[in-house]
Amino acid sequence: MALTYQACLQAANVVLASGNVPTIVGEAGIGKSALVADLAQQRQAKLFTTVVSLVEKGDLVIPVPPLTSDSFVQTAQYGSLADVQFGYSHTLVAMIRYAEAHPHQEIIWFLDEFNRGTQAVQSELMNLVLQRQINTLILPEQVHLILAENPDATMAGFEHSHYGVTPGDAAIADRTTRLVLAADTTSWLKWATQVVDGAPRIAPLVTTYLAENPADLHVVADGEATVDDDLQPTPRAWERVSQALHELEQQQLFSQTAVVTAIMQGNLGMTVGTAFAGYVQEQRPGLTVKQVYRDDTAPAVFATLAPAQQQQILQLCLADQADWPLTTGSHAQRFSELLAACPADGQFAIAQAMADVPDLFEQLAAVAATTPGVDRLYQQLTAIGQRGSQIEV
């Protein structure tokens, strides 16, 4: 039975509390690592992580020559171990030193991508998982193990899995509790919208899109992917998209449609990536209100945009008059310049939208005589209105 993120978090907590080892099984990028990090935070445990697929046989028990007396770490309670700096024995050394310094704090050792390691590596780790001992080294009681695996075709419900994994030893499966994590948009959005250090974890553009299109959080390949759909969206991919959106904002590149689309497709695949890129262009048409009024390059950027994007930018300016009032000469001057760059039907649409803003024309008229920029905008709007009236007649 597959579990939602919150249900899997609760189940893993129960397994740990009962003194057993949970194995979190789920598709790549679905949030297994995030779940373990949240679990460690909930339990106020120190988290150590080893990516099993990146280590080789012998990393744990065979030290790298030449050896010196400093190559071996002696512990007061847990035995000795060769400290191989670039193997996962180094993690064990750090873990045991932390245990000795903090004897009452829980420690979680997360063995990620466990079944993507070789059979030899899994065998080396077996004693640690099953017997909590390797050579003379004994794991401290406060250390809890958590495994994470990708699905393989030997697992019930994953008969068509396409991952290149090494099926685990039956003894491992018998001594751990398998918890299957499924994509759950509701739980993920709750996590994604949490404010951390003054900002939500995931960009609001992502969370609003997924609230409207929940099925796009995670799409599982059916094993018959073509060149165009060899990438599929996952929660991890959406995190990368969120980071990319931040950088696009910093570099003011939302107006570069080809760049935005390529980045989204490169993370989410052609189908969802194209759809989300279109959504981004609708919501962020290339210029923020601040950029419109502050950046000297804004008119040149504006001229490169599609008419629909131009109209949306001017609509955003109208909606943000509390901070950028059009009764200010420089604001009115810039707005007038951008309005002139729109096609005639776009100009008329914006003029109509301005007519719907209570008292806006009256406010512009009141200051036009003393403010050249406002006077220009007011005369421009008058001309647009006259053209529109003639067309309607």
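I began with Asp-197, which is exposed, with a relative accessible area of 80%. For my own notes: exposed means over 50% relative accessible area, buried under 20%, and partly exposed in between, with a 1.4 Å probe and protein chains only. Asp-197 lies in the loop between β11 (195–196) and β12 (199–200). I looked up its phi too: for Asp-197 the angle is near 55°, a positive value in a residue other than glycine.

A reminder on what I am reading: this is a predicted model, where local features need pLDDT of at least 70, side-chain atom pairs count only at pLDDT 80 or more, and totals for chains, interfaces and linings use all residues. Residues are numbered from 1 along each chain as its sequence is written, and side-chain values use heavy atoms, with hydrogens and water left out.

Another aspartate came next. Asp-359 has a phi near 65°, again positive in a residue other than glycine, and I found Asp-359 in the loop between α15 (344–355) and α16 (360–368). Helices (H or I, at least four residues) and strands (E, at least two) are DSSP runs, numbered from the N terminus.

Then I turned to the sheet. In what order do the six strands of the open sheet stand? I read β1-β10-β2-β9-β6-β3, with parallel pairing. Two strands pair if DSSP finds at least two bridges between them. β1 (2–3) and β3 (46–51) are at the edges with a single partner strand each, so one side of each is left without a neighbour in the sheet. Helix α2 (residues 32–42) packs on this sheet and touches β2, β3, β6, β9 and β10 (176–181); its direction makes about 175° with that of β6. Contact here means heavy atoms within 4.5 Å.

Strand β2 (residues 21–25) pairs with β9 in the parallel sense over three bridges, and Thr-23 stands opposite Leu-147. Strand β6 (residues 107–112) also runs parallel to β9, joined by five bridges, with Trp-109 opposite Leu-145.

Which residues of α1 are buried? I listed Tyr-5, Cys-8, Leu-9, Ala-12, Val-15 and Leu-16. Seen down the axis of α1, they fall within an arc of 125°, so they line one face of the helix; the arc is that of the directions from the helix axis to the C-beta atoms. The face turned away from the buried side of α1 carries the exposed residues Gln-10, Val-14 and Ala-17. After α1 comes Gly-19, with a positive phi near 85°.

My last stop was a helix pair. The axes of α8 (residues 235–250) and α10 (residues 270–283) come within 13 Å and cross at roughly 35°. Axes are lines fitted to C-alpha atoms, for helices over the stretch in contact, and angles run from 0 to 180 degrees between N-to-C directions. Trp-238, Val-241 and Leu-245 in α8 meet Val-272, Phe-276 and Val-280 in α10.
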